[in-house]
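The following note is intended for a colleague who is meeting this structure for the first time.

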Amino acid sequence: PDYVVTLESAWILRDVKSLDDAIGIAISEAGKRLNPAAKYVEVEAGFLTCPYCEETLSSAIVVADTALVGLVLEMKVFRAESPEHAERIAKSVVGKALRDVPLKLLDVQAL
């Protein structure tokens, strides 16, 4: 079967002035590192849900011109043996391109 694997990553940036700049730069840098080896991975800014008001918030923060940006990476995995196998494949492919970037599984969906 085929799967869509969604991973979350944390991207650290230095010398940024605004939240919008940090998000744009993080997406751009991740895209450059994924291209050409894993250019089929979709990269988007992540979102969090406020535990108090349940509003959707950006998963990025800038403090002292240093940003932490949460990115969501989505990849289609074809002919995997199981959801766990699809997860391992996605983490391997993305992990090779984004060395030293922490990755966490968010979701695995069968196509």
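1. The protein chain contains two helices and seven strands, where helices (H or I, at least four residues) and strands (E, at least two) are DSSP runs numbered from the N terminus. Along the sequence, their order is β-α-β-β-β-β-β-α-β.

2. The model is predicted, so local features need pLDDT of at least 70 and side-chain atom pairs count only at pLDDT 80 or more, while totals for chains, interfaces and linings use all residues. Residues are numbered from 1 along each chain as its sequence is written, and side-chain values use heavy atoms, with hydrogens and water left out.

3. The C-alpha trace spans about 45 × 35 × 20 Å along its principal axes. Of the contacts (heavy atoms within 4.5 Å) between residues at least 6 apart in sequence, 73% join residues at least 24 apart.

4. Of the 111 residues in the protein chain, 34% are buried; buried means under 20% relative accessible area, exposed over 50%, and partly exposed in between (1.4 Å probe, protein chains only). The accessible surface, computed by the Shrake-Rupley method with a 1.4 Å probe, comes to about 7,100 Å², and carbon and sulfur atoms account for 53% of this area.

5. The largest nonpolar core has 29 residues, among which Trp 11, Leu 13 and Val 69 touch the most other members. Such a core is a set of buried Ala, Val, Leu, Ile, Met, Phe, Trp, Tyr and Cys residues joined through side-chain atoms within 4.5 Å. Two or more residues each come from strand S1 (3-14), helix H1 (19-34), strand S2 (42-45), strand S6 (66-77) and helix H2 (83-97). S6 contributes the most, with six residues.

6. Beyond its neighbours within four places in sequence, Leu 13 is in contact with Ala 22, Ile 25, Ala 26, Glu 29, Asp 65, Thr 66, Ala 67 and Val 69.

7. Is Leu 68 buried or partly exposed? Leu 68, which lies in strand S6, counts as partly exposed because its relative accessibility is 40%. Together with Ile 12, Ile 61 and Val 63, Leu 68 forms a nonpolar surface patch with about 370 Å² of accessible area.

8. Leu 19 belongs to helix H1 and is partly exposed, with a relative accessible area of 33%. Apart from neighbours within four places in sequence, Leu 19 is in contact with Ala 60, Ile 61 and Val 62. Leu 19 and Phe 78, 59 residues apart in sequence, are separated by 36 Å from C-alpha to C-alpha.

Terms used:
Patch = residues over 30% accessible without salt bridge, like charges linked within 9 Å, V, L, I, M, F, W, Y side chains within 5 Å. Salt bridge = Lys/Arg side-chain N within 4 Å of Asp/Glu carboxyl O.
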